Amino acid sequence: MTGMGSKKNANKVVDDAAKTPLKTKEYEKELRRLHVELVKLQQWVVSKGLKVCIVFEGRDGAGKGGTIKAITERVSPRVFRVVALPAPTEKEKSQLYLQRYVSHLPSAGEIVIFDRSWYNRAGVERVMGFCTEEQVEKFLDGTPVMEKAMVDAGIILLKYWLEVTPKEQERRLRDRINDGRKTWKLSPMDIKSFNLWDEYTVARDEMFKATDTAWAPWFVARSEDKKRVRLNIISHLLSQIPYKDLHIETLDLPKRKIGKVKPTKYPFRFIHERF
């Protein structure tokens, strides 16, 4: 085992230090710089045939989706592939638990990001009673072995847990109720989970204890400030995968000649310009 520090620290809820909210202008400037670095990383991963797997876990409302969007908004979806699996089908329930996740693992030249992953078994499935304690124990025993096999096969595996306080989580969940743009983010499962904070804490701590290994450690990111956590995670991600700037040749648009074809008289159906 590695990395989570002393037992006392491992079992302690990570609280955010009081910080002044990051200003939007400062955030956008730094995010732009990091996006350039992510493009360089993308080119390096493709060039060297690297296989990168990034797992995002955390409580409802911790900011996983927004962080993943910040990572992927300026890179190619053919290289940065996001996997957010729905509830398993009856056929998938009859399979080996990890079977449906294995098919999504990265091939050479890919970065796969799991928005929740096989760790559903140690979290939501366990707390909500969707699996037995025996199944959880088998999962916690077997996952380090599976992840060791992934790493031995050349996959760079990064696991992030986004930690949010109860107060901030409640604020974000209530915001989903009141903001019509976010209602789709709130599910009946979120409502059922709302009163199970302590149960999720116990599940998280046992998951860390069993799966925080030397070959696949957990990295915890405080997500009280959405802007800060996005910048912090992208910065950390870039530091974990050695890459170089390949200095791709700068392209220039050639001169073109326009005007040989007469303007068309086709009756295009232009949309009404309300703005």
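The legends below describe close-up views of a predicted model. Residues are numbered from 1 along each chain as its sequence is written, and side-chain values use heavy atoms, with hydrogens and water left out. Because the model is predicted, local features need pLDDT of at least 70 and side-chain atom pairs count only at pLDDT 80 or more, while totals for chains, interfaces and linings use all residues.

**View 1. Tyr97 and Tyr101 form a tilted aromatic pair.** Rings of Phe, Tyr and Trp (its six-membered ring) pair if their centres lie within 6.5 Å; planes under 30 degrees apart count as stacked, over 60 as edge-to-face and the rest as tilted. The count under this rule is 14 aromatic pairs. In the pair of Tyr97 and Tyr101, the ring centres are 5.8 Å apart and the planes stand at 55 degrees. Tyr97 is buried at 19% relative accessibility, and Tyr101 is buried at 3% (buried: under 20% relative accessible area; exposed: over 50%; partly exposed: in between; 1.4 Å probe, protein chains only).

**View 2. Phe114 and Trp118 pair edge-to-face.** Their centres are 5.2 Å apart, with 70 degrees between the planes. Phe114 is buried at 0% relative accessibility, and Trp118 is buried at 1%. Ring pairs link both residues into a cluster with others, including Tyr119, Phe139 and Trp161.

**View 3. The charged end of Arg59 sits over the ring of Trp197.** The distance to the ring centre is 3.5 Å. The rule asks for NZ of Lys or CZ of Arg within 6 Å of the ring centre and within 35 degrees of the ring normal.

**View 4. Cys53 is buried.** Its relative accessibility is 0%. Cys131 is also buried, at 11%. The model has zero disulfides, counted as pairs of cysteine sulfur atoms within 2.5 Å.
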